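Dear colleague,

Please find below the structure that I am handing over to you.

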Amino acid sequence: MQHLLHSLLAAAVALGSSLAQASVGLTELPPTAGDGPVTVFYPSSTDATTVKRGPFTLIVARQGVAVRGNGRLIVLSHGSGGSPWPQSDLAQHLVAAGFVVAMPEHAGDNWRDTGKIGPESWKLRPPEVSRTIDAIGLDARFAPLLDLTRVGMYGMSAGGHTALTLAGGRWSEARFLAHCEAHLEQDFAGCTGAATELKNNIWDGIKKAVAMFLLRWRFGGKQEWQGHTDPRIQAVVAGVPVAADFDLGTLAAPIVPLGLIQAERDQWLVPRFHSGAVIAVCKGCETLASLPTGGHGALLAPLPPNLPARIERLLADPPGFNRAELPLVYQRISGFFQKHLLP
């Protein structure tokens, strides 16, 4: 037993030493069979340089040589209209802990194409996560470095909806419509995706009537339950997820360990209907963070300047939110995956 403990300690020290010397590699797997590209962050032996991606500046080894970290993959699912770069801070933190991080670009719901935002995308996203794992397993750079029988999955916002689905939750468009019929005024942005502020005037009545007409036209009569799981995914974290359309009974006891994060001042997805509702029902879940002053964009890298006003209103940090809290949140996410994925 003592020999075994010494061996494990030596292996941990060796891993820590190798990761301390590693940089963060960055590459992209090309689109295949209708799926978008997959951005991959990973431990690398190549020196890092400054790389610009849109308004974001990264210190990474572009196309660097991949080296073994802790042997585990995490798939990150972006929010509606998203790209990999706002979640690059979390991705790099996970790489520093030894993980390889793969971020698929979700079809019809990304920064280049928003034609399928909403339930159409929610149906497509979980199988896209599964195909991302497949793609990593076929890549000669990464397949020898990873055990793909124990994969982690993280998603934020619409990506959080993907995460809840992969944790065993089932949802329906009928439940989404029923939620909006009951709570349109209180969860207007969550139901419509619109950043319009309601001010209790005559125009609000018109906005709500038009919104309800469109919601009933789009979602009326669609009763089928939706779901998708993957036995390779063994731990899931959902950050500020879309959740009002789920059968909460299916999330009371998820099929894999489930970590949850809510931002208590989220104006896009009001917590009591979304993240808070899941936290309330899932007694076995781990609440990794509940940010008292956090808004919907709290888990993202700092927003670039000159965003459209409607987006900035829903994503910008509320007064008093301290971004110095985020490294601890990232550490809890990393620790959750280490706890549930590593031997």
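**Findings in the predicted model**

F188 is a residue of helix 6. Please bear in mind that the model is predicted. The relative accessibility of F188 is 7%, and because buried means under 20%, F188 counts as buried. Between F188 and Q234 there are 46 residues along the chain, counted from one to the other; their C-alpha atoms are separated by 34 Å.

**The largest pocket**

The largest pocket holds about 1,300 Å³ of space. It is lined by 50 residues, of which S80, G81, I117, W268 and I311 are the closest to its centre. Helix 6 (188–192) is among the elements that give two or more residues to this lining, together with helix 3 (119–138), helix 7 (202–219) and helix 9 (309–315). Helix 7 provides the largest share, with six residues. Sorted by class, the lining of the largest pocket comprises 32 nonpolar, 15 polar and three charged residues.

**The cavity**

How many cavities of 30 Å³ or more does the structure hold? There is one. The largest cavity has a volume of about 30 Å³. Its lining consists of R265, Q267, G295, H296, R313, L314, A316 and P318. Three residues of the lining of the largest cavity are nonpolar, three are polar and two are charged.

**Helix 10**

Helix 10 covers residues 326–341, which makes 16 residues.

Which residues of helix 10 are buried? They are L326, V329, Y330, I333, S334, F336, F337, H340 and L341. Viewed down the axis of helix 10, these buried residues fall within an arc of 150 degrees, and therefore they line one face of the helix. Q331 and K339, on the other side of helix 10, are exposed.

The buried residues of helix 10 pack against several elements. Among the strands, these are strand 5 (73–77), strand 7 (151–156), strand 8 (233–239), strand 9 (258–263) and strand 10 (286–291). Helix 2 (88–96) is also one of the elements against which they pack.

I would be grateful if you could go through these notes with the structure open beside them.

With kind regards

Terms used:
Residues numbered from 1 in each chain as written. Predicted model: local features only at pLDDT ≥ 70, side-chain atom pairs only at ≥ 80, totals over all residues. Heavy atoms only, no water. Helix = DSSP H or I, 4+ residues; strand = E, 2+ residues; numbered from the N terminus. Expected span 1.5 Å × (residues − 1). Buried < 20%, exposed > 50% of the residue type's maximum accessible area, 1.4 Å probe, protein only. Arc of directions from axis to C-beta. Contact = heavy atoms within 4.5 Å. 1 Å grid on protein atoms, 1.4 Å probe; cavity = no way out; pocket = protein on both sides within 12 Å on 5 of 7 lines; lining within 4 Å. Points joined across faces, edges and corners; volume = space filled by probe spheres on them. Nonpolar A, V, L, I, M, F, W, Y, C, P; charged D, E, K, R; others polar.
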